[in-house]
Amino acid sequence: MKQKVILDVDTGLDDAAALFLAAGAKELDIVAIIATAGNVGLDKTVENTLNVIETTGLKCPVFAGSDRPLVRQAVEAGDFHGETGLDGPVFGKRVIQELQEEDGISALIRLIKTYPKEITVISVGPLTDLAHALQKEPALPSLVKEIVVMSGSFSGGNVTEDAEFNAYADPEAAKIVFSSGAPLVMLSLDITRTVTLTRERLDYLRMIEGRSAEVFSQCMDTYMANYESKKFGWPQMHDPLCVAYVMDRSKFVAEYKRVVVDTNSVSPSYGMTSKENLDGTGGVTIPTDIDRAWFWEMMERSLRNLP
Ligand code: BDR
Ligand code: CA
């Protein structure tokens, strides 16, 4: 049976890769997609999400989530993703996709309640929407099947010395989610930065027929150029790893720990995540290694499955 998922994205170049991977995966049934503010402002992440989903031909509803973090001033990551958040591809007029009227947080709660213990939420942006949903519906941790997030780092950040972007963009929300008691999986920078896209692989994937592979390649061209100009090495496939985990967790090695978020806004380590040993429950599953060859097979398979 297909796994029901809701994706919460701040589309974003690697978010787009995650959407292509999910849309082409036969293991997943995408129930809804929520765009949230993060890499760029909400108007842009909504637009980017609608355009990517239109490209895949998927007919699932797209909602708008939060337009700002819970407490802090917004921080963005346009230097990695470009001014639009999805610099590279040019999209025409949409004919399938339009934004739903219902707000993303209400939709998230409604859908999890409609399918108790069946929905996995994949969140690859700041955790603002999930935090709002957990505050509005305290029963959510026992109703959701699992929450899989790209967030945090235990070995240095990519936005400050200590903090990873999604955790730093809304540390107060991350704290609510990590301490919610919901079944949680955390794909941190420690694993996501080990999966990188080389030029050779991109040129191979570019040969796949169809508009989805074309848009994916144009996104990755920009992502690669931005990494290159920052001298950051090959581009890191953060967000698609969360989708890959839900497709087949047996391809990952994981540990189980408690995760703590620094929410001291005047500390230099604001937004930093750290892990502690624990006995019993209340922890977070933290994948520490992945079968990288399998990941790229899945990326290729999804792109071949899409128009
Ligand atoms: C995360 O930050 C964003 O810029 C990416 O889309 C990813 O979700 C990596 O730190
Ligand atoms: Ca993201």
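Is lysine 231 buried or exposed? Lysine 231 is exposed, with a relative accessible area of 75%. This is a predicted model.

**Calcium site**

- The calcium ion (ligand 2) is coordinated by Asp10 (OD), Asp15 (OD), Asp15 (OD), Val124 (O) and Asp239 (OD), at 2.3 to 2.7 Å.
- Along the sequence, the donor residues of this ion follow the spacing D-x4-D-x108-V-x114-D.
- Valine 124 and aspartate 239 link distant parts of the chain, being 115 residues apart. Valine 124 sits in the loop between β5 (119-123) and α5 (128-136), while aspartate 239 belongs to helix α12 (residues 238-247).
- Valine 124 has a relative accessibility of 1% and therefore counts as buried.
- Aspartate 239 also counts as buried, because its relative accessibility is 3%, below the 20% cut-off for that class.

**Ligand 1**

- The residues around ligand 1 are Asp14, Asp15, Asn39, His81, Val124, Met150, Asn158, Glu164, Phe165, Asn166, His238 and Asp239.
- Among these residues, Asp15, Val124 and Asp239 also supply donors to the calcium ion (ligand 2).
- The side chain of histidine 81 places an N or O atom 2.9 Å from an oxygen atom of ligand 1.
- For asparagine 158, a polar side-chain atom is 2.8 Å from an oxygen atom of ligand 1.
- For aspartate 239, an N or O atom of the side chain is 2.6 Å from an oxygen atom of ligand 1.
- On its own, ligand 1 has 280 Å² of accessible area, and the protein covers 97% of this.
- Ligand 1 takes up the space of the largest pocket.
- Two or more residues of the shell around ligand 1 come from each of the elements α1 (13-23), α7 (165-169) and α12.

**The cis peptide bond and glycine 12**

- Threonine 11 and glycine 12 are joined by a cis peptide bond, with omega near -20 degrees.
- Glycine 12 is located in the loop between β1 (3-9) and α1.
- With a relative accessible area of 0%, glycine 12 is buried.
- The C-alpha atom of glycine 12 is 5.8 Å from that of histidine 81, although the two residues are 69 residues apart along the chain. Histidine 81 is also one of the residues around ligand 1.

**Positive phi at two lysines**

- Lysine 117 is a residue other than glycine, yet has a positive phi near 60 degrees.
- The loop between α4 (104-114) and β5 holds lysine 117.
- Lysine 117 counts as exposed because its relative accessible area is 54%, and the class begins over 50%.
- Lysine 231 is not a glycine either, and its phi is positive at about 55 degrees.
- Lysine 231 is part of the loop between α11 (211-229) and α12. Its relative accessible area of 75% makes it exposed.

**Helix α4**

- Buried residues in α4 are Gly104, Ile105, Ala107, Leu108, Ile109, Leu111 and Ile112.
- At the start of α4, aspartate 103 has a side-chain oxygen that comes within 3.0 Å of the backbone nitrogen of isoleucine 105.
- Isoleucine 105 is itself one of the buried residues of the helix.

Notes
Residues numbered from 1 in each chain as written. Chains lettered and ligands numbered in written order. Predicted model: local features only at pLDDT ≥ 70, side-chain atom pairs only at ≥ 80, totals over all residues. Heavy atoms only, no water. Donors = N, O, S within 2.8 Å, 3.2 Å for Na, K, Ca; no water. Helix = DSSP H or I, 4+ residues; strand = E, 2+ residues; numbered from the N terminus. Buried < 20%, exposed > 50% of the residue type's maximum accessible area, 1.4 Å probe, protein only. Near = heavy atom within 4 Å. Polar contact = N/O pair within 3.5 Å; in protein donor to acceptor, adjacent residues only side chain to side chain. Areas by Shrake-Rupley, 256 points an atom, 1.4 Å probe, with all protein chains shown as cover. 1 Å grid on protein atoms, 1.4 Å probe; cavity = no way out; pocket = protein on both sides within 12 Å on 5 of 7 lines; lining within 4 Å. Sits in = over half its atoms within 2 Å of the grid points.
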